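Hi,

Here is the structure I promised to pass on.

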Amino acid sequence: MKGLVLIVDDDDGVRITIEHVLTAAGYKVASAIDGAQALLLFEKLNPEVVITDLIMPVQDGIETIAQLKERRPNLKIIAMSGGARIGNDNVLQKAKDLGADHIIAKPFESAELTELVQRSIGAHP
Amino acid sequence: MTRKAAARIEIAPSRPAAVFDARAVLENTSDSVCVLDRNWTWTYANHRARQDIAGGRDVLGQNLWAMFPQLEQSGIGLALRVAMSNGHPLETEGVHPVTGEWFSAEIHPLSGGLSVFFRKSRKEEIALAARERRFHAMFSTMTQGIVFHDRDGAIIEANPAAEQILGISKAEMRAVKSGALGLKLTDENGALIEREKIPAEVALRSGQTVRNTIVTFLNRTTGERRWLSVDAIPQFDSNGAVLSHAYTLFRDVTAHKQAEHALEHSQAHLALAQRVAAVGSTVIDFQSGEWEWSDETYRIFGVSKKDFCPSLEAILGLIHEKDRSVFRDAMEAASRGVVPYPIEFRVHKPNGTDRIIYHEADAIRDRFGAVTGIIATNSDITDLRAAEREREALQNQLYHAQRLDSLGTLAGGIAHDLNNTLVPILGLSEAMLKGADADSPQRPLLEVIHQAGARARDLVRQILTFSRRENPDNRVVMISGFVRESMRLARASVPTTITIEERIGDVAPIMGDASQLHQVVLNLIANAAQAIGENIGRITVEVADDHRNCTDEGKGRSSFVRISVEDTGSGMDELTQKRMFEPFYTTRKVGVGTGLGLSVVHGIVAAHGGHIEVKSRLGHGSRFDVFLPIYVSEGEATNANGDPR
């Protein structure tokens, strides 16, 4: 069994799709519907990779990335977004600046995502 | 009476002893005494008579009438004949036909002739005295000042008006040995008048009359500046040869000059006000048919006073052909008392420029209310109108930009949600396709779902491009290279009925995303081809530097590269031009094209800090000019220090 991937997205359809794609690819998955829940699950499950949306209620992805990186600086994070911006800055770019290892725009090909997950876990010591 | 008594003594023969004495007395009297016999022959003439009447000639024995034929027709001649014939004494008066002087004569018949006493009339003296009094009264009471100068210019005499006007007494004047009277005389412009230029001095020196010289001075008594109009007249002795003296005649023209200056000041003020306000005036007098233009009006119409004489016909010649009737109708109505102002008309200035004139007027009426003329103002409102148009255009642009911006925000929001929605549609249909058997009846249906999802994804991507949600991948781009590349692709998609002309110059590099810019060129060419349709036409693609003085929102960029795509297609109406960049606005049939092509172009160009200008004429084609700021490297930007490349 490959490592655990934590999926964070408030959209049910997105979560279910990613869970299905990664499970089919042989990964273990856990899901959170916002940043606050993601931090709780992170402490409890100690995942290898976190895939997080950026615009979410309760606690958004940008804040979540910052807190996750604070807790474990070498945690692999993949940020994803439907293209919304904060002010004039592209949120994906902002996520990358805050330490997201990879960024991916929705909608994506399944293969694109599994490749990023694979690269993240493979790079892990 | 004494003289008469003496004369009678002479003619009284009863006392001969006195004759000798009487003759001596007669000889010395100041009257002219003569005795004529019955044949009018002189028998005696005393010294005065010989001198005054005969001019020193010897008269004794001469015939009176032969000697003075002019006496025949005179009053005295008649009196002499009467006295001689009737023997009665006679007194008469008149102008002496020989001496020309006024005289009185007493004629006394004698036994053998006549004795005649001529005396200068006292009337002459009385007349002289009266004349003297008249002249003196005039001299003393005239409002003009008069001073008499001797040959050296010194004052001999001055009248009270002169004293009053000059503010100096006669005694003071006399003390000054100059025509300037000790005053500092200046001319109209305030320049000191030198002594040799003073009218009295000029008259004395040249012997010529000097007239209407304007001099000014400070009246010492009142402390006021006064203006005088001065005449100086030289005077000669009785035979007219020798300059004996001169007199200066002057009147105070201060009030006149002050009024003149006030008028000049007022006129200058008006002219300046017109100049500052850029408003000229016209006054038309219907009776004389005269048109009076102010200087500013000449300037506004672009003609000079020297070359142009204002009249209806002449002005119509300056006015734009299409506006002449407006002006003519207004003038015609005004002459009937109807004033249909204000009007506007275009004027073609001789220097080749066209200006718009705003013309406002009112009727001039006499006291009976009849219209006698027009007073009008003219102002050049060309710049004002241009500014208004510019403001309108800017307002439209702003409105347009705001509209596009809000559309972009809306589209971006929708796109974000759609992208989330598309994740399961694409991801799960793909997963299901993988799991489905090759011959599963579900497979073609899943493929339709997946393809539809993919189409929706592409569409959303374009919307995001328009709404600038996708950042350009910034690299230094050599425009001419990638445009040539785009042209190759474009040719393949454009029908052969359309000629594509390339005018691609080598231009400065820009910073941008080549693939996005590539899409800009392709979209514009596709749009141009669409406008030409199935007709024969031409698309011209041009790339050139554009060094217009245009800054990009204060970022200091001042030079642009221009990519132009021009077509000979159908062109766009106003509505289309206003809305062409809006997403989903299309003139194509439903189902043909997405209506996103130009929105995408707009989004990409805006994301690159550029802008688009569009010129289009319905039925003649369109031209899209895309301006992209050129790339200035950090070093260059610093070195250039804002100097446009």
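Helices (H or I, at least four residues) and strands (E, at least two) are DSSP runs, numbered from the N terminus.

On provenance, this is a predicted model, where local features need pLDDT of at least 70, side-chain atom pairs count only at pLDDT 80 or more, and totals for chains, interfaces and linings use all residues. Residues are numbered from 1 along each chain as its sequence is written, while chains are lettered from A and ligands numbered from 1 in the order in which they are written.

Let's start inside chain A. Helix H2 (residues 35-45) of chain A and helix H3 (residues 61-71) of chain A have axes that come within 9 Å and cross at roughly 25 degrees (axes are lines fitted to C-alpha atoms, for helices over the stretch in contact, and angles run from 0 to 180 degrees between N-to-C directions). That makes H2(A) roughly parallel to H3(A), as angles under 35 degrees count as roughly parallel, over 145 as roughly antiparallel, 65 to 115 as roughly perpendicular and the rest as oblique. The crossing of H2(A) past H3(A) is right-handed. On the H2(A) side, A:Gly35, A:Ala38, A:Leu39 and A:Phe42 meet A:Gly61, A:Glu63, A:Thr64, A:Gln67 and A:Leu68 of H3(A), contact meaning that the C-beta atoms, placed from the backbone, lie within 7 Å. That contact has four nonpolar, four polar and one charged residues (Ala, Val, Leu, Ile, Met, Phe, Trp, Tyr, Cys and Pro count as nonpolar, Asp, Glu, Lys and Arg as charged, and the others, Gly among them, as polar).

Also in chain A, check the peptide bond between A:Lys106 and A:Pro107: it is cis, with omega about -10 degrees. A:Pro107 sits in the loop between strand S7 (102-105) and helix H5 (110-123) of chain A.

Now the interface. Chain A puts 17 residues into the contact and chain B 20 residues. On the chain A side, H1(A) gives the most, with seven residues. Helix H1 (residues 12-24) of chain A packs against H14(B) at an angle of about 30 degrees, with the axes 8 Å apart, so H1(A) is roughly parallel to H14(B). Their crossing is left-handed. The contact of H1(A) with H14(B) has eight nonpolar, six polar and no charged residues.

What about H14(B) itself? At 1.5 Å a residue (times one less than the number of residues), the 54 residues of helix H14 (residues 382-435) of chain B should span 80 Å, and the end C-alpha atoms are 76 Å apart, which agrees. H14(B) does bend by about 30 degrees at B:Leu422, with a proline, B:Pro424, following within four residues; the bend is the angle between axes fitted to the seven residues ending there and the seven starting there.

Elsewhere in chain B, helix H16 (residues 479-493) and helix H17 (residues 514-532) pack at an angle of about 40 degrees, axes 9 Å apart, and are therefore oblique to each other. H16(B) passes H17(B) in a right-handed crossing. Their contact divides into 10 nonpolar, three polar and no charged residues.

Cheers

Notes
A crossing is left-handed if the near helix is turned anticlockwise from the far one by less than a right angle, and right-handed if clockwise. Two residues are in contact if their C-beta atoms, placed from the backbone, lie within 7 Å.
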